[in-house]
Amino acid sequence: MRHREIIVTGAPFLVLVCIVLLSHELTYRAPEAEAIPAFARKYDFKCNVCHVPGFPKLNDFGNLFRDRGYQLGSDADLPTYEGITMGFWPVSFRTTVGNQLGSLHTGPTGNISTNGVGFTALDILSFGTLDRDIAHRIVLTGQPSGSFGLGSGAGKTPDLESAAVKLMRLEKYLGIKSDPGDYLVNLLVGKHEVDVPFSEKRSPTLNTSFAMYHYVPGVAFTSGTIRPGSSFPINGGYLNPNQFGIGDNQPGIELTGLTKTKATGGFFRYTLDALFTNPSTSSPLGFLGGCPTTTPGGTAGCANGGANVNFYGHMTQSFGGYGIVTGHRIGVFGMYGNMPTHVNATCFDCAGTGGNYAAFSRIGVDFSTTFNGEWNLFGAFMRGNDSKNLFASQLSSMTTLGLLPPGGVTTVGQAQNASWNGAFIELDYYPTLLPFLNVPDWFFSYRYDVIRNDRQGFSGFNKNFNNVDSHTAVVRYFIHQSTRTDVALHWEYNWYQTKGVATSGGNLIGQTMFTGVDFSF
C-alpha cells in the first residue's frame with residue numbers, strides 16, 4: 001500500500017510534547033484529584049478511589065462499588081442522607097472535542113480521507129441508589145449534527161442506551177445470610193450492558209470498538225468513526241439476519257452474584273442473562289425471508305424481529321485482588337440464542353413476530369493479570385458459530401440483489417454453518433509517576449484485535465474473507481479532576497485491515513487519529 005492515506009502531521013505530536021513539558025507545572029497547580037462528578041459530589045471521593053488514574057477505567061475498588069449496586073454499605077448510600085453536600089444530583093454529562101484525521105483505502109479506485117474538528121456523541125449518565133439495595137442506571141446518548149459522524153450517520157436520533165433497576169441482596173428473602181461485602185443474589189431488569197469480559201463502556205479508547213464484540217459474519221468489518229458509503233468499492237458480502245453482538249446493550253433480565261473467596265484472596269462473580277434480543281433486521285446486515293416483493297428486504301416495516309429469549313452467562317474467579325490493579329483473574333463466558341429468519345406471513349410489518357428461528361452461539365475465555373499496581377495485561381478469546389439456516393434464508397434475496405463474492409466469482413455457493421474465532425489483548429500502563437519526569441496522571445494503552453474465519457456462511461466466499469487485524473494506541477493525560485469536573489487530554493490512533501472485502505478481492509485498510517479533550521461534569 002501507499003502510505004499516503006493518513007498524513008501524520010506534526011501538530012498532534014507537538015501537542016503531546018507540550019503536554020509533557022507543561023505537566024510539571026500543571027501537577028503543582030492543579031487541585032487534588034477527585035472522583036468523576038456524580039459520585040464525587042455524593043461521597044467526596046478522590047478520583048483514584050475508583051479509577052486508574054482517572055475516568056473511564058475502573059480500578060478494583062471501582063469495580064466492586066459497581067458490582068455492589070453503587071453502595072459502600074453506609075448511610076451515605078441513601079439518596080435521603082442528610083450529609084450529602086454540594087447539591088448532589090446523580091447526573092453527569094460527557095463528551096469529547098478535538099481534531100480527527102482518517103482514511104480508507106482499497107486500491108487505486110478506493111481512497112478517501114477526512115480531516116475535521118468536531119465532537120463525539122454526548123452521553124447523559126445517571127447511576128446510583130433509589131433506596132438501600134435498589135440501584136438504577138440510565139444512559140442517554142446521541143450524535144447531534146456536527147459530531148464526527150464522517151460517514152457513520154451524524155445526526156442520529158438520541159438513544160436510551162441503558163435504563164435498568166437492580167435489586168440487591170435478594171438472598172435474604174431465600175433465608176441465606178451473606179457476609180459483609182458479599183452480594184450473592186441480585187436481579188437487574190431493563191436495557192443494560194451485558195457482563196462482557198472487559199467493559200467497552202469503560203475502555204480508554206474513544207473511537208475504536210472491540211472487534212469480536214461486534215463482528216457479524218459476512219458483513220465487511222469497519223472500525224472507528226469512518227464508514228464507507230454505498231459508492232465506495234467494498235463488496236456487499238452476504239446477508240445475515242443475526243445482528244447480535246455481545247458488546248451491544250441488550251434488553252432483558254440479569255441475575256448476578258459476588259462473594260469473597262478466602263482461599264484465593266479474591267472474588268467469585270457470576271452473571272446469567274435472559275435477553276429479549278430479537279432486533280429488527282431491516283438493515284444492511286440481512287433481511288427476513290417472506291417479505292412482499294413490493295417491500296424488498298431491508299425496507300422499513302418488513303423485518304421486525306422475533307419474540308424468543310436468548311441466554312448469556314459469565315463467571316470469573318480472581319486471585320489476590322480483583323484482577324485489574326492487584327491480583328489476577330480468569331473467566332469463562334458464553335451465549336446461546338436463536339434469531340428469526342422469516343416474517344410472519346399474516347403481519348409482515350408487526351414488530352417482534354418473526355419466526356423460523358435459527359441458532360447461533362458464542363463461547364470464550366478471558367484473563368487479566370497485573371504487575372506493581374501500574375500494569376494491567378488482559379484479553380479474551382471467543383468462538384462463534386452461526387447456523388447455516390440463517391444464511392439459507394437469505395439465498396433468494398442474495399440472488400435478487402445480485403450479491404456475489406469479490407474478485408469476479410460468479411456464484412455464492414451453498415449455505416453452510418459459519419464459524420469464526422475472535423480475540424483481543426490489551427496492555428494498560430498507568431504509572432504513579434511518569435518515569436524520568438516524575439509527574440502523575442498519565443495513562444498509556446495498546447490493544448490488538450483479531451478475527452479469523454474458519455468457514456463462511458456461503459461456500460463461494462474465501463475462508464479468509466473478512467478476517468480482521470486491528471492495532472490501537474492511546475495516550476491520556478488528566479489535567480484536571482475535581483468533585484464537579486474531569487478533563488483529560490486524549491490521543492488515539494487506530495490502524496486496521498479487513499481481508500478480501502474490496503470489490504477487486506483486495507483488502508480494506510483504515511486509519512484514524514484523534515487528538516482532543518475528553519471531559520465530564
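Me: What do the side chains of E426 and R447 meet in?

Reply: A salt bridge is a side-chain nitrogen of Lys or Arg within 4 Å of a carboxyl oxygen of Asp or Glu. The side chains of E426 and R447 form such a bridge, at 3.8 Å from N to O. The pair links distant parts of the chain, 21 residues apart: E426 belongs to strand β13 (residues 418-429) and R447 to strand β14 (residues 442-455). Strands (E, at least two residues) and helices (H or I, at least four) are DSSP runs, numbered from the N terminus. The model is predicted: local features need pLDDT of at least 70 and side-chain atom pairs count only at pLDDT 80 or more, while totals for chains, interfaces and linings use all residues. Residues are numbered from 1 along each chain as its sequence is written, and side-chain values use heavy atoms, with hydrogens and water left out.

Me: Are E426 and R447 buried or exposed?

Reply: Buried means under 20% relative accessible area, exposed over 50%, and partly exposed in between (1.4 Å probe, protein chains only). Both E426 and R447 are buried.

Me: How many salt bridges does this rule count?

Reply: The count comes to 12. Among them, K260 pairs with D182, the closest N and O atoms being 3.4 Å apart. K260 lies in strand β7 (residues 250-261) and D182 in the loop between β5 (159-167) and β6 (183-192), so this bridge ties together parts that are 78 residues apart in sequence. K260 counts as partly exposed, at 38% relative accessibility, whereas D182, at 5%, counts as buried.

Me: Which parts does the pair R329 and D366 tie together?

Reply: The side chains of R329 and D366 meet in a salt bridge at 3.3 Å, N to O. R329 lies in strand β10 (residues 328-339) and D366 in strand β11 (residues 358-371), so the pair ties together parts 37 residues apart in sequence. Both R329 and D366 are buried.

Me: How many cavities of 30 Å³ or more does a search of the whole structure find?

Reply: On a 1 Å grid over the protein atoms alone, a cavity is a set of points where a 1.4 Å probe fits but cannot get out; lining residues have an atom within 4 Å of a point. The search finds two cavities of 30 Å³ or more. The second largest cavity holds about 30 Å³ of space.

Me: Which residues line the second largest cavity?

Reply: Its lining consists of M212, Y213, Y215, F244, G245, I246, R362, M382 and W420.

Definitions and conventions:
On a 1 Å grid over the protein atoms alone, a cavity is a set of points where a 1.4 Å probe fits but cannot get out, and a pocket is an open set with protein on both sides within 12 Å along at least five of seven lines; lining residues have an atom within 4 Å of a point. Grid points are joined across faces, edges and corners, and a volume is the space filled by probe spheres set on the points.
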